[in-house]
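Subject: Structure handover

Hi,

Here is the structure I promised to pass on.

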Amino acid sequence: MSFKEILESDVHEVFMNMDEFSDMHMVNGKEMAVQIDSNEQIEREKRMNQHIDGVYKNQKLMYAAASDFGKLPAQGIALTLDGKMYKVTDAISEGGIYSITIEANRGVGR
């Protein structure tokens with residue numbers, strides 16, 4: 001087995017393993033194993049200003065297997081996560097796993 005084949009098998013068996021790291025979520029109407037990484041998102045938010053005139057951005061960083069998700073989403077397209085609408089702000093393919101940053105604008109007091 002080649003190194004690339006080992007990495008490919010690790011996507012589901014290790015990184016997206018439901019007993020260890022991932023949870024089931026509905027993404028664009030399809031149920032799949034997803035990781036929501038709150039710690040990394042907090043670090044990213046520290047480096048960026050999130051407040052603009054009474055509106056804040058609800059951001060999430062999610063990881064999904066490329067084989068489950070399909071085509072890498074383009075920046076700016078709509079994505080639904082568990083029935084809530086978000087906009088893709090960044091999407092990167094990382095060796096069979098997509099790292100996708102999504103956001104939704106929320107008004108203060110909502």
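Let me start with the contacts, meaning heavy atoms within 4.5 Å. Among those in the protein chain between residues at least 6 apart in sequence, 55% join residues at least 24 apart.

Before you read on, a word on where the values come from. This is a predicted model, in which local features need pLDDT of at least 70 and side-chain atom pairs count only at pLDDT 80 or more, while totals for chains, interfaces and linings use all residues. Residues are numbered from 1 along each chain as its sequence is written, and side-chain values use heavy atoms, with hydrogens and water left out.

**Overall layout**

The protein chain has three helices and seven strands. Those are DSSP runs numbered from the N terminus, with helices being H or I of at least four residues and strands being E of at least two. Going along the sequence, you get the pattern α-β-β-α-β-β-α-β-β-β.

The accessible surface of the protein chain is about 7,100 Å², and carbon and sulfur atoms account for 51% of that. Areas are from the Shrake-Rupley method with a 1.4 Å probe, and for residues only the protein chains shown count as cover. Of the 110 residues in the protein chain, 33% are buried. I use buried for under 20% relative accessible area, exposed for over 50% and partly exposed for in between (1.4 Å probe, protein chains only).

**The cores**

A nonpolar core here is a set of buried Ala, Val, Leu, Ile, Met, Phe, Trp, Tyr and Cys residues joined through side-chain atoms within 4.5 Å. The largest one has 16 residues, and the members that touch the most others are Val27, Met62, Phe69, Leu79, Ile100 and Ile102. Two or more residues come from each of S2, strand S4 (55–65), H3, S5, S6 and S7. S7 gives the most to this core, with four residues. Apart from it lies another core, of seven residues, including Ala33, Leu61, Tyr63 and Ala65.

Leaving aside neighbours within four places in sequence, Phe69 is in contact with Val27, Asn28, Met32, Met62, Ala64, Leu79, Tyr98 and Ile100.

How many aromatic pairs does the structure hold? There is one. Phe69 and Tyr98 sit edge-to-face, 5.8 Å centre to centre with 75 degrees between the planes. Phe69 lies in helix H3 (residues 66–69) and Tyr98 in strand S7 (residues 97–107), so the pair ties together parts that are 29 residues apart in sequence. Both Phe69 and Tyr98 are buried. For the pairing rule, rings of Phe, Tyr and Trp (its six-membered ring) need centres within 6.5 Å; planes under 30 degrees apart are stacked, over 60 edge-to-face, and the rest tilted.

Val14, Phe15 and Phe21 make a nonpolar patch on the surface, with about 270 Å² of accessible area together. Patches are made of residues with over 30% relative accessible area and no salt bridge, with like charges joined within 9 Å and nonpolar side chains (Val, Leu, Ile, Met, Phe, Trp, Tyr) within 5 Å. A salt bridge is a side-chain nitrogen of Lys or Arg within 4 Å of a carboxyl oxygen of Asp or Glu. Phe21 is in the loop between helix H1 (3–15) and strand S1 (23–27).

Ser22 is also found in the loop between H1 and S1. Is Ser22 buried or exposed? Buried, with a relative accessible area of 2%. Not counting residues up to four places away in sequence, Ser22 touches Phe15, Met16, Asn17, Ala33, Val34 and Gln35.

Met24 is in strand S1, and at 40% relative accessibility Met24 is partly exposed. With neighbours within four places set aside, Met24 is in contact with Met18, Glu31, Met32 and Ala33.

**Two loop residues with positive phi**

Most residues other than glycine have a negative phi. Asn28 is not a glycine, yet has a positive phi of about 50 degrees. Asn28 is in the loop between S1 and strand S2 (30–36) and is partly exposed at 44% relative accessible area.

Asp82, again not a glycine, has a positive phi of about 50 degrees. Asp82 is in the loop between strand S5 (78–81) and S6, partly exposed at 42% relative accessibility.

Cheers
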